[in-house]
Amino acid sequence: MEYFSVNAERFLSDLHSLRGFGKCGNGVQRRAFSEADIAARDWLAGRMSAAGLKTQIDPVGNVFGLTDGASLLLGSHSDTQPEGGWLDGALGVIAALEVARASAEQDGPPISVVSFQDEEGKFGALTGSSIWSGKLSLQEADKIISADGARFADERAKLGDRISGFVEPARFTGFLEMHIEQGPVLDEAQEAIGVVTSIVGLRQLQITVEGQQNHAGTTPMASRRDAFMAAAHFAVLLEDRFANVVTPRTVWTIGHVRVEPNAPSIVPGRAIFTLQWRDPDFDRLERIEKVIVETLRDAATETGCTFRSERLRKDLVPMPMDTRLEKACAEAAEKVAPGRWRRMPSGALHDASNVSALMPVGMLFVPSINGISHSFEEDTAEEDLVTGLNVLAEAAMRLSRPA
C-alpha cells in the first residue's frame, strides 16, 4: 500500500473533546492523576478500543492502544502543566490515534498508540516514560513526593482496577512523536513543519541558602545575612559569568523560589530555589555546571550565607533522533508541505528522549502561535494541525516499507 488518508474532521473533533477534560478558559488544567486526568485517560482508552486497538493501562497510568504483532508506536502525553495549553502533548496523542485508526480502516501498516503519564513533571518530569524505559524504577518512583505533598505511590493507586502489567517495548519497531514547537521559530518563519534533529540535555538543582532570620525593623543593613538577597546576588553573578560559556541555544532558568518564613517584617533566614539549564551539547552542560559550582562558592563568601545544592532529578543527556526516522519525517514533510519545513533541535524535553533507550525515535513539530506554550494562550492554527497530521501519517507509511 502506498498511501492511506486520515480524517481531519474526526481528528479535530477528538482533539476538542480531549480539551474538555479540565478545560479552563482557552487552556486546560489536567495535572497527572487529577480527576480530570483520570477521566481523560478513561475517555482515551474508550476511543482506542472503538478504533479496534487493544487498550492497556500500565501500573503508572501510561495508556496504550495496541495492534497485534510488531507495530510502529505513535503518541505523546495528555497531562498538562498547572496552567497549561490545550495542545501540549494532547496533539501528539490524538494525531497518533487518528493515524492508527485510519490505517486500520484502510488495511494500512500496524500502528499502536500511547499517552504517557506525568510528562509535565508533577513528580519530576517524563515520569511515565522514565519508568517504562527503565530509567527510573517503580520502587524509586513510589517514594517521590510532589511539591503539593502527594506521594507517587498514593496517586497511582487512584487508577484502581484499570491497571494491568507493563507493555513489552520489544513489540514496537520505533516511536514517532508529534508536538507543538513551544517556541517561535516556525511561526516567525511562516513554516508548517519542524523535523526534529535532537532533544536537548537538561540538568536541575535545588539550592538552599541559609542566612540569619531577624527583625526587619531593628537589624541594620550592614549586619544582615539576608537569604533572599544572597540568592539574588548569586543570580546576578551567574548571568555575568555565563557570558563566555553559553551559546544562543543555551537556556537557564530560576523558576521556583521560596523564602522562609515569608513574612513582611522578618529578614528571610532561608531561601530555596531551583536552577535548571539546557543545552544540546553534553560538554557545554558540564562547563556550565562548573561555573555554577564556582559561583555558589563565591556567593557564599561574599554574602556570609551558606549555599547547599542537591539534584532534583537524574540528568537528561542530549539525544539525537534516529537517522532513518528523521529521514522519513523529512521526506514526508517535503511531500505534504514542500519548501515549508525545516530541520531543528528541540529545546523542550519530550518522552521521545526516554523512549530512545528502547527503540529508534523521531519527532515532528507544528508551529505555536507567537511561540507561546505552558500558558492558557497556547494555540496553533487548525490548518497547521491538519498539515502535521498528514505529515505524521505519511512518515508512518514510509517507515512501514522495507528499509
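Predicted model: local features only at pLDDT ≥ 70, side-chain atom pairs only at ≥ 80, totals over all residues.
The protein chain contains 12 helices and 18 strands. Its radius of gyration is 23 Å, close to the 22 Å given by the globule rule for 403 residues, so the chain is as compact as a globular protein of that length. Along the principal axes, the C-alpha atoms fill a box of roughly 80 × 45 × 40 Å. Of the 403 residues, 54% count as buried. Among contacts with a separation of 6 or more, 80% are made by residues 24 or more positions apart.

Helix H1 spans residues 8-19. From the first C-alpha to the last, its 12 residues reach 17 Å, close to the 16 Å expected at 1.5 Å a residue. The N-terminal end of H1 is capped by Asn7, a side-chain oxygen of which lies 3.2 Å from the backbone nitrogen of Glu9. The buried residues of H1 are Phe11, Leu12, Asp14, Leu15, Leu18 and Arg19. These residues cover an arc of only 160 degrees around the axis, which puts them on the same side of H1. An α-helix has 3.6 residues a turn, so residues three or four places apart point the same way. The elements covering the buried residues of H1 include strands S1 (23-24) and S2 (27-28), together with helices H2 (35-50), H3 (90-105) and H12 (382-400).

Two residues of H1, Phe11 and Leu15, also belong to the largest nonpolar core, which has 58 residues. Along with Leu91, Val99, Leu176, Ile193 and Leu385, they touch the most other members of this core. Leaving aside neighbours within four places in sequence, Leu385 is in contact with Phe11, Leu12 and Leu15, and also with Trp86, Leu87, Leu91, Val366 and Thr380. A second, separate core of 25 residues includes Leu73, Val114, Trp132 and Leu316. In soluble globular proteins, nonpolar side chains tend to be buried together.

Backbone geometry was examined at several loop sites. Glu260 and Pro261 are joined by a cis peptide bond, with omega about 5 degrees. Pro261 is in the loop between strand S12 (257-260) and strand S13 (266-267). Asn262 is found in the loop between S12 and S13, and its phi is positive, near 65 degrees, although the residue is not a glycine. Leu126, likewise not a glycine, has a positive phi of about 55 degrees and is placed in the loop between strand S6 (111-116) and helix H4 (127-132). Leu126 counts as buried because its relative accessibility is 1%, whereas Asn262, at 65% relative accessibility, counts as exposed.

Terms used:
Residues numbered from 1 in each chain as written. Heavy atoms only, no water. Helix = DSSP H or I, 4+ residues; strand = E, 2+ residues; numbered from the N terminus. Expected span 1.5 Å × (residues − 1). Buried < 20%, exposed > 50% of the residue type's maximum accessible area, 1.4 Å probe, protein only. Arc of directions from axis to C-beta. Contact = heavy atoms within 4.5 Å. Polar contact = N/O pair within 3.5 Å; in protein donor to acceptor, adjacent residues only side chain to side chain. Core = buried A, V, L, I, M, F, W, Y, C linked by side-chain atoms within 4.5 Å. Rg over C-alpha atoms; globule rule 2.2 N^0.38 Å.
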